[in-house]
Amino acid sequence: MFQNFIFDWSGTLVDDLGPVIEATNVVLGRYGLAPLDREAFRRRFRLPYREFYAEVLPAVALEELEGHFRRAFAAALTPVTVLPHAREKLEWCRALGMRAFVLTSMDAAAFEQQLEAFGWRHHFEATYSGVLDKREVIHQILATHQLDPHQTAFVGDMTHDVETARHGGIFSIAVLTGYNHAEVLAAVRPDLTVPDLRALRELLDERRGIPRPHPPTPR
Ligand SMILES: [Mg+2]
């Protein structure tokens with residue numbers, strides 16, 4: 001049974017796909033590229049984002065693109081919202097004494113602003129933001145907080161999250177609420193794939209011998 005959860009942020013706990021696509025399209029548009037719609041974005045975007053930009057805009061420095069992106073993201077009209085079942089999942093962790101962490105590529109200032117706005121700081125023992133390649137810090141996080149790899153899961157919505165979990169020797173849980181299509185995620189073989197965080201909570205409750213409170217609703 002897991003005692004520790006490391007959560008990705010975007011697409012796992014919060015829905016910022018709208019403003020991210022809006023800002024990405026501003027960046028692409030500045031260099032004369034056509035905008036991506038939601039489906040195209042979910043198939044093409046990947047982390048570390050430097051790889052995505054190296055593919056679509058190989059001649060432009062990443063710092064320049066990041067500057068455009070930050071300004072466009074701050075000006076985006078589509079709001080960032082809490083994903084359904086995220087709040088309940090964090091409260092579940094807290095009620096059961098599970099340790100929770102965040103590991104995200106999101107720009108640190110934007111992340112701190114959202115963490116504050118949603119009033120979620122107390123849910124996490126530590127947060128790591130602005131991490132471009134999560135594989136580079138996963139071992140350090142496990143060591144710093146003395147997390148037993150056998151009791152630790154990384155929950156994320158992208159192939160990079162699954163690859164990071166594998167790199168760290170911890171369990172990978174993929175959620176289908178975010179940036180990657182189910183088929184894109186399936187290609188990297190997560191240890192477990194769930195449609196959303198409610199399904200994860202119910203599955204883990206079942207393993208603890210607690211029956212589901214109600215039958216699963218068809219989606
Ligand atoms: Mg994500």
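Modeller: Before we start, one definition: a residue counts as buried if 20 or more other C-beta atoms lie within 10 Å of its own, as exposed if 12 or fewer do, and as partly exposed in between, with C-beta atoms placed from the backbone. Helices (H or I, at least four residues) and strands (E, at least two) are DSSP runs, numbered from the N terminus. You're looking at a predicted model, where local features need pLDDT of at least 70 and side-chain atom pairs count only at pLDDT 80 or more, while totals for chains, interfaces and linings use all residues. Residue numbers start from 1 along each chain as its sequence is written.

Biologist: OK, so which residues of strand 6 are buried on each side?

Modeller: Thr152, Phe154 and Gly156 are buried on one side, and Ala153 and Val155 on the other, which covers both faces of strand 6. That makes five of the five residues in strand 6 (residues 152-156), so the strand is largely enclosed by the rest of the structure.

Biologist: In what order do the strands of the sheet come?

Modeller: Two strands pair if DSSP finds at least two bridges between them. Here six strands make an open sheet with parallel pairing, in the order 5-4-1-6-7-8. Strand 5 (126-128) and strand 8 (192-194) are at the edges with a single partner strand each, so one side of each has no neighbour in the sheet. From one strand to the next, the twist averages 20 degrees.

Biologist: Now the helices. At what angle do helix 5 and helix 10 pack?

Modeller: The general idea is that two packed helices are described by the angle between their axes and the distance between the axes. Axes are lines fitted to C-alpha atoms, for helices over the stretch in contact, and angles run from 0 to 180 degrees between N-to-C directions. Helix 5 (residues 86-95) and helix 10 (residues 197-207) pack at about 30 degrees with their axes 8 Å apart, and are therefore roughly parallel. (Under 35 degrees is roughly parallel, over 145 roughly antiparallel, 65 to 115 roughly perpendicular, and the rest oblique.) The contact (C-beta atoms, placed from the backbone, within 7 Å) involves Ala86, Glu88, Lys89 and Trp92 of helix 5 with Leu197, Arg198, Leu200 and Arg201 of helix 10.

Biologist: And what about helix 7 and helix 8?

Modeller: The axes of helix 7 (residues 135-144) and helix 8 (residues 159-168) come within 9 Å and cross at roughly 45 degrees, so helix 7 and helix 8 are oblique to each other. Arg135, Ile138, His139 and Leu142 of helix 7 meet Glu163, Thr164, His167 and Gly168 of helix 8.

Conventions: Contact = placed C-beta atoms within 7 Å.
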